[in-house]
Amino acid sequence: MRESSAAVKKSVKLITEGDDTEVDKTVIERLADPLTHMIRNAVDHGLEAAETRVANGKAEQGVVRLRAAHRSGRVVIEVSDDGGGINRDRVKQIAIEKGLIPENVLLSDTEIDNLLFMPGFSTAAEVSNLSGRGVGMDVVRSAIQNLGGRITITSVPGQGTTFSISLPLTLAVLDGMVIDVAGQSVVMPLAAISETMMLGPDELKPLGANSMLVQVRERFLPLIDLAEKLGFSPKRTDFKNCIALLIANDDGQEAAIVIDAIQDQRQVVIKGLQDAYGNIPGVAAATILGDGKIALILDPGDIVVRGIDHTDTAQPQSA
């Protein structure tokens, strides 16, 4: 931290929280480089210059926080700064100039933030000795996905940015629910499931032209057809009497994921896929079941994010 702040001539205070959080030793070793890069990013391009901070009514000294905690059977690590936040207009304009997205495309804040994970993407006007916010972030995300984890961004203009990493407690064993999806057996991490439900006609509400919501007590959740998202089958048109798994992400996003059947719950041994197949949307790893068959271990967070991002934004229609 001292080296990083001195290199960019900024006064920075590092605050750590959750120092007693236990993490698998292998996870710690493989997180060292990604975390170092993220902290340098926060110092170099997350925090404003001292004169800018003072002009905006902030303390001259910037703050970078490194937090660790256990949540829902996973380890959550956050790197946050109290800087100026992500300039989304600038990020989008750079992406257009680089030909990464069409000029007139409409993107949500989350989709714009995720442009930072594209290979070689940077908002830095000049290359520094540390890093540009976005430079190497594709490598950071790849390293985290190799650990069966995921990374998300939360940014508020003028207040700062938080990168949240969610990881399994151990790389070896996972408590999972074995489910049937279009004739395939796959594993959903048990910690991600808040409850299961049978879908009836009273709970289902149309949303726009192609989407559905499910009413769970006093709230409406987007309905995600898992078989269609994984490319196993075309999108189903009738969800009545289907089983839904209610999934809650670390960032508060919720969705109901539709499956065909639940087989059982068991501990499975995690086998990485990244080296052989790269990043597979919605898939974290694989395992070998007791009958010798290979089953994919799903990444519910990625499935929910991708499912919500492609859900119509219209209001639910009355049944």
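Predicted model: local features only at pLDDT ≥ 70, side-chain atom pairs only at ≥ 80, totals over all residues.
**View 1. The salt bridge between arginine 53 and glutamate 48.** The closest N and O atoms of arginine 53 and glutamate 48 are 3.0 Å apart. Arginine 53 has a relative accessibility of 1%, so this residue counts as buried. Glutamate 48 counts as buried too, because its relative accessibility is 13%, and the cut-off for buried is under 20%.

**View 2. The salt bridge between glutamate 48 and lysine 58.** Here the side chains of glutamate 48 and lysine 58 meet at 2.8 Å, taken from N to O. The pair links distant parts of the chain, 10 residues apart. Glutamate 48 sits in the loop between helix 2 (25-46) and helix 3 (50-55), while lysine 58 sits in the loop between helix 3 and strand 2 (62-71). Both glutamate 48 and lysine 58 are buried.

**View 3. The salt bridge between glutamate 195 and arginine 217.** In this pair the closest N and O atoms are 2.6 Å apart. Glutamate 195 has a relative accessible area of 26% and is partly exposed. Arginine 217 is exposed, at 54%.

**View 4. A network of salt bridges.** Four residues are linked in this network: Glu17, Arg65, Arg67 and Glu78. The structure as a whole holds 15 salt bridges.

Conventions. Residues numbered from 1 in each chain as written. Heavy atoms only, no water. Buried < 20%, exposed > 50% of the residue type's maximum accessible area, 1.4 Å probe, protein only. Helix = DSSP H or I, 4+ residues; strand = E, 2+ residues; numbered from the N terminus.
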